[in-house]
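Let me put the structure up, and then I'll walk you through a few spots in it.

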Amino acid sequence: KVLQVVQGTTATTVDHSTSSYADTGLSASITPSSSSNKVLVMIQQHCFFSGDNGGSIKLFRGSTEIYTPPQTYAISGDGLSLDFRNYHSFNYLDSPSSTSALTFKTQARTYNDVTFRTQPNGFTSFITLMEIAG
């Protein structure tokens, strides 16, 4: 049973041009009504890169990493000469065991040290949080 739904958005362009993860500007907060409930996190992050490049996006709850891709090229051109503009989407079911306000956010990094951009040209990224009865 879904108890509440919260959505966060951002259309602010962020350039990621180093191997260090940095905030994308996408975040949302939710306060679970019971510590036994879960939070389904749904990410639709708009990304851009060109050429043989790519990047990765990871998910945080507060300062805690809750999902990190196993590779730094989770989104990749794989040797192709292209301009990639599209949504990178994934879901994560979290069990925070909390009734405090929780903030979920994404961070991104580039692959190959070439600019990997989130929310390029004013495209909007979305994060949707759903509290699920435990």
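Let's start with aspartate 94, which counts as buried in this predicted model because its relative accessibility is 3%, and the cut-off for buried is under 20%. What does aspartate 94 form a salt bridge with? The partner is arginine 61, and the closest N and O atoms are 2.7 Å apart. Aspartate 94 sits in strand β8, residues 83-94, while arginine 61 sits in strand β5, residues 54-61, so this pair ties together parts that are 33 residues apart in sequence.

As a reminder, side chains of opposite charge can pair when their charged atoms come close. How many salt bridges does the structure hold? There are five, and I'd like to show you two others.

One joins glutamate 65 to lysine 58 through their side chains, at 2.9 Å from N to O. Have a look at how the two partners sit. Lysine 58 is buried, at 8% relative accessibility, whereas glutamate 65 is partly exposed, with a relative accessible area of 45%.

Then there is the salt bridge between the side chains of aspartate 83 and arginine 85, where the N to O distance is 3.9 Å. Arginine 85 is partly exposed, and its relative accessible area is 45%.

Now please turn to strand β11, residues 125-132. Six of its eight residues are buried, so β11 is largely enclosed by the rest of the structure. Which strands does β11 pair with here? One is β1, residues 2-10, which runs antiparallel to β11 and is joined to it by eight bridges. Another is β4, residues 38-50, also antiparallel to β11, with seven bridges.

Last stop, leucine 129. Leaving aside residues up to four places away in sequence, leucine 129 touches Gln4, Val5, Val6, Ala28, Ser29, Ile30, Val39, Leu40, Val41 and Phe104.

How values were computed:
Residues are numbered from 1 along each chain as its sequence is written. This is a predicted model: local features need pLDDT of at least 70, side-chain atom pairs count only at pLDDT 80 or more; totals for chains, interfaces and linings use all residues. Side-chain values use heavy atoms; hydrogens and water are left out. A salt bridge is a side-chain nitrogen of Lys or Arg within 4 Å of a carboxyl oxygen of Asp or Glu. Buried means under 20% relative accessible area, exposed over 50%, partly exposed in between (1.4 Å probe, protein chains only). Helices (H or I, at least four residues) and strands (E, at least two) are DSSP runs, numbered from the N terminus. Two strands pair if DSSP finds at least two bridges between them. Contact means heavy atoms within 4.5 Å.
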